[in-house]
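Visitor: I have a structure to go through with you. Can we keep it short?
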Amino acid sequence: MPNYDIIIVGAGHNGLTAAATLAKAGKRVLVLEKRPVVGGACVGDGNAPGFAPFLGGMLRPDIIRTLGLERYGLQPAPAKAAFTSLLPGSDTLTLDPDATQAAESIRRFSEKDAARWPDFVAFMGKAAAFLDASYRTIIPPLPKFDLTEGIPLAQLGLKLRGMGRRDMLNIIRALPMTAQELTEEWFESDVVRAAVASLGIHGVTLGVMSAGTGFNLIHNWLNRGGMAQPNPGHTGEIASALAQAAKALGVEIRTSAEVTRIRVERETVRGVTLASGEEISAPVVLSNADPKRTLLGLVGAPELPPTFVWQSRNIKMRGSVAKLRITLATPAANLIRLSAPQSAPASATFVIAPSLRYLEKAYDTAKYGQVSENPYLEITVPTANTLDVHFQFAPYSLKQSTWDLERETLHQLTLDTLSEYIPTLHASRITIHSLTPLDLEQTYGLTEGDLNHGQIMLDQFFFMRPIPGCADHTTPIDGLYLCGSGVHAGGGVSGASGRNAARKVLKG
Amino acid sequence: MTLHTYDAIIIGGGHNGLINAAYLARAGKKVIVLERRPIVGGAAVTEEIFPGFHFTEFSYVVSLLRPEIIRELELPRHGLKILPLPSTFTPMENGDYLAAWDDHDLTRRELYRHSPKDAEAYDEYARVMVRMAMAVKPLISLVPPDPSSLSIRDLMGLLKVGEYAASLSQKDLYQLAKLVTQSSADLLDEWFETDALKGTKSASGIIGTFLGPRSPGTAYVLLHHYMGEIDGAFRAWGFAKNGSGGVTASIASAARALGVKIRTQSPVKQVTVKNGRAVGVALENGDEFHAKVVVSAADPKRTFLQFVEPKYFPDEFVTQIRNFRTRGSSGKLNIALSELPNFTALPGDGPLHRGAISISPSIDYIERAYDDAKYGQVSRRPYIDMIIPSMIDPDMAPPGQHVMSCFVQYVPYDVEGGWTDEKKDQFAEHVIATIEQYAPNFRRAIIGKQVITPVDIERIAGITGGNIFHGELLLHQLFFLRPAPQWADFRTPLPGYYLAASGAHPGGGVMGAAGKLAAMEILKDWK
């Protein structure tokens, strides 16, 4: 039986990024994946190719370059697409990646907002650049850290100061703001505000009036490189490129190999046990599973300090996103253009986010465990005759029902809402597939269906993600590291957490 | 037209203005306080609205007033007397109640009745919150340094904050960071399971704030209200003899003893600016006052957008002040009663009437109250915090009769369609109907009522938006961002002009910290 330096639990994009990075540094790495395919939430289930929990995404450009993923077909900067807000009465607002063109569309709603758009894009670019720098920094346990850990932190501080007094203060201010407050400071048109603010609630169980959605807005802006979803319908290619690169670097990947236990002896990791009963040993284990599953499920509370168990239980995983795929008899672009003649042909991301109030109301129901009757939807068009829909809010914990009973309701609400904006949709629909938060948990192992392995909110940010003291990927178990989205830098398909975890392991 | 000359002019005779004046006078300055109304006190006043019935019109409890201010200004000698407010009583929707009495063992037994787990967790929770409040204390009494500045003063300040953070244990630092960023609902869900307990505790997190208990940042507001519980001679929330007006009367008396001149019925029209410096003020009646220093104890919007022409400030600063969030979210019902409300959950006159009575049966209840307000409606089933001052201080009402103060949330300033008499009646009706549900004799016992909406707070106390903290305690409006980035040290872009009220660091409540800290900064600048 071969000896491994490192075992990685889970072949999601972060696990594969970590694996490839570690193998590149000469480590013998084994990746164990529960499902028959690699890619985690970037890959669908075979029934509907390309239909995955992540409907779009992009790895950080430095990861693509360092791992040579261009060779496997990935581009560091995917073609930029427009972002269109579908409005009642066949109206649309199209935020083109080209700021001048976007301003052209905004002008129909407000001259003032059109004039401010380029400044807003510039500000968001700076805020995202700062966030990116913070996501490249491994955050040591505060307040006591040694000099080598302190230097990157000091560099991050300098980077922020280097942005100039005004931008520095404005970025700090924007993070704890609500998406509503942030967009209200920039724009006067409710249509423009809501379209932008939708990014602030994307993927989290918060409303546009919840503090900290300013941070999520910047987070999503960074991951997308702007407003629109990059690579819609092609996140599977990200996973396959990573897997190929990892294999070429000598990583061994075993699929249909479910880890049921991370073995620990005297607070030190020993290896893993598979569902088959097989035991594999290694001095270092990285878990790409979410922190809750890793710590409370795979390691188990008895192996951990009681306070830490309490903290782990309190990590907020509150999935409220459902995903749907609708196949159509007619090309989607035709349908949308028919009902929204103003939308730019290159538009690849559409949202139903007509007003701030609409978005907040959608969230209200989630607070009380109900599915939004008028949901916030983000729609991408992966292939000519398909629509992928990101549905919010569909809370994991339903108060008066179960997801087995609510799937039909979910389909109906989606179709009803879409039909209001795309009236010809009903006639053209052939099939509809869905992933409820429960499916996300059962198929993809995402606790409570939380796509980001933990809510992107202020108290789970920076040195507090996932738990204060563990933002540097370490755990109370020697040799056990977290490399998934639940750690600082994670959330979305960026690979930043996997990259950082590998760096941390190599330093240790 | 008459002309008067002083060292310092304070605009506004609220508690912060008076405290600021007292500290400047204590340093030997010749100080005058100009108050718009016929009485001093600002939002901390007691007025006889119906003959014999004294209402604590706005602010109704004390606890946060800094103990060093009480000591240094010798306020007890000037009549400050805090009477304990020993208990909190929460009637529940199922007919039961939850109470925290002034006896620890009794409270524990009471909690145990609802949940043994919560009874166990309660003491530890209280310990953690007290420790956290202690940990924040040094920041409260610090002039916030500007992290973007390279001046010696700011760099030294930053160093102080850094040293402070390093002095905290890792556990405390983490807990504090979580507290500052969390929602009060999430915080309380981590500790407790009893709805009424969580509801009542979470209410501290929304007072004066236009956020629901599920919004991140509300745990900090909750902590802000905890700071009083540990400080000084009184450990819990208290009620001042003669109401909140008694607090400001004692400060005014202390200020006068130090030589401060207080002029009421003197509304300021404008700050006089000469050669780019504030040199005095002009009253609405034309009187002029000259001074080396002008201090505003009004809210930031009045201070910067009304008293001074915007041309004296950078455009960006004016925008920032315009963007300062001052949405009023609370109202009050002050009621004259012929008899005590009789609560079905615990009938008869009893100790509950000497403490706070809270309508906060669950977090969801308060969150739903917020849902109404965020779309411009008064909460149909509001959160209500009641006290009966006449039970604590019998001088407040005629013998056998009572005054009752009901603090109500949410009552939006920007109510949809604007405030009308009809809407005001509707608001009062929501409150009365809610209380009646728990105390059926309540409606019958009402002899008179005073209804106060945020618009009334703005009109009477002169606070923009009627926000009781002069600006919400939101994370992006705290510390070095309060009231605007780069101007959190009580100075303003106009030399000689200072801000010394709740809209500055560390924020609202009858705390007095802003008034004192500003005085210290003004004296530093004195040449």
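Visitor: What share of the 508 residues of chain A count as buried?
Guide: The figure is 59%, where buried means 20 or more other C-beta atoms within 10 Å of the residue's own, exposed means 12 or fewer, partly exposed lies in between, and C-beta atoms are placed from the backbone. This is a predicted model, in which local features need pLDDT of at least 70 and side-chain atom pairs count only at pLDDT 80 or more, while totals for chains, interfaces and linings use all residues. Residues are numbered from 1 along each chain as its sequence is written, with chains lettered from A and ligands numbered from 1 in the order in which they are written.

Visitor: How many helices and strands does chain A have?
Guide: Chain A has 18 helices and 15 strands, taken as DSSP runs numbered from the N terminus: H or I of at least four residues for helices, E of at least two for strands. Its radius of gyration is 22 Å, close to the 23 Å from the globule rule for 508 residues, so chain A is as compact as a globular protein of that length. That radius is taken over C-alpha atoms, and the rule is 2.2 Å times the number of residues to the power 0.38.

Visitor: What does the C-alpha trace span along its principal axes?
Guide: About 65 × 55 × 45 Å for chain A.

Visitor: Now the open sheet. What is the strand order?
Guide: In chain A the order is 5-2-1-9-15, with parallel pairing; two strands pair if DSSP finds at least two bridges between them.

Visitor: Which strands stand at the edges?
Guide: Strand 5 (252-254) and strand 15 (480-482) of chain A do; each has a single partner strand, so one side of each is left without a neighbour in the sheet.

Visitor: How many bridges pair strand 9 with strand 15?
Guide: Strand 9 (residues 284-287) and strand 15 of chain A pair in the parallel sense over 3 bridges. A:L286 has A:Y481 as its bridge partner.

Visitor: How many residues lie between strands 7 and 8 of chain A?
Guide: That hairpin has 4 residues between its strands, and A:G277 in the turn has a positive phi of about 100 degrees. Strand 7 and strand 8 (residues 279-281) of chain A run antiparallel, joined by 3 bridges.
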